[in-house]
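Q: I'm new to this one. Can you walk me through it?

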Amino acid sequence: MYGNLGSLYQEGTVNVINFKRYNATLNTDADVTPTTTLSVNINTAIARKSDPAATSGSGIYTSVTEIPAIFPLRYSNGKAAHQLLPAIYEGGYDNNTNNLFNGQLQIAQQIPFVPGLSLKGVYSYQKSYAFGKTWSLPMTFYSLNAQDEYAVQKVGPPAPTLSE
């Protein structure tokens, strides 16, 4: 018999990106009779991934490489100067859950009157389920116009949006 429980947590480049996984494994063999062996193997996992709704980890790196170094991400008054920060922290969330179950039942029967001959039957079952939920919000950042006044820039959906 073999059993295993595991968990994994990974935080992304920013604290709103993360990945969690929980898994369990059970493998057991039993000699039902002197010539019959029964094996059961079960493997299951639950994985949850969280991202910002308006960007992804790779999208963050792409945006960072495209913003010239002389442009600020925030102005001295704290207002966002580029859509990257609102996309990460204010644009909502994109959460995904994946559940997986693998099961296998195996029966091996040795044929006693024919040495070396056996009969094996295997039944396998796999079930997976995925669920995603995205909550997208309008985002605001600011630019400076010619009069050094802050101009509001709107990005994202015009109203909060939920998709499942």
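What follows is a short chat about the sheet, the charged pair, the surface patch and the rings.

Q: Before the details, what kind of model is this?
A: This is a predicted model, where local features need pLDDT of at least 70, side-chain atom pairs count only at pLDDT 80 or more, and totals for chains, interfaces and linings use all residues. Residues are numbered from 1 along each chain as its sequence is written, and side-chain values use heavy atoms, with hydrogens and water left out.

Q: Switching topic: how many salt bridges does the structure hold?
A: One. The side chains of Asp51 and Lys49 meet in it, at 3.1 Å, N to O. The term covers a side-chain nitrogen of Lys or Arg within 4 Å of a carboxyl oxygen of Asp or Glu.

Q: Is Asp51 buried or exposed?
A: Asp51 counts as buried, at 8% relative accessibility, while Lys49 is partly exposed at 41%. The cut-offs are under 20% relative accessible area for buried, over 50% for exposed, and partly exposed in between (1.4 Å probe, protein chains only).

Q: Now the surface. Which residues form the nonpolar patch?
A: Met1, Leu26, Ile42, Phe101, Leu105, Tyr123 and Tyr125, with about 710 Å² of accessible area together. Strand 4 (92-110) and strand 5 (118-136) are the elements that give two or more residues to the patch.

Q: What makes a patch, by the rules used?
A: Patch residues have over 30% relative accessible area and no salt bridge; like charges are joined within 9 Å, and nonpolar side chains (Val, Leu, Ile, Met, Phe, Trp, Tyr) within 5 Å. Areas come from the Shrake-Rupley method with a 1.4 Å probe, and for residues only the protein chains shown count as cover.

Q: Where is Tyr123 found?
A: In strand 5. Tyr123 counts as exposed, at 54% relative accessibility.

Q: How many aromatic pairs are there?
A: Three. Phe101 and Tyr125 form one that is tilted, 6.2 Å centre to centre with 55° between the planes. The two residues are 24 apart, with Phe101 in strand 4 and Tyr125 in strand 5. Phe101 is partly exposed at 31%, and so is Tyr125 at 40%.

Q: Why is the pair of Tyr142 and Tyr150 edge-to-face?
A: Because their planes are at 80°, with ring centres 6.5 Å apart. Rings of Phe, Tyr and Trp (its six-membered ring) pair if their centres lie within 6.5 Å; planes under 30 degrees apart count as stacked, over 60 as edge-to-face and the rest as tilted. Ring pairs also link Tyr75, Tyr142 and Tyr150 into a cluster.

Methods
Helix = DSSP H or I, 4+ residues; strand = E, 2+ residues; numbered from the N terminus.
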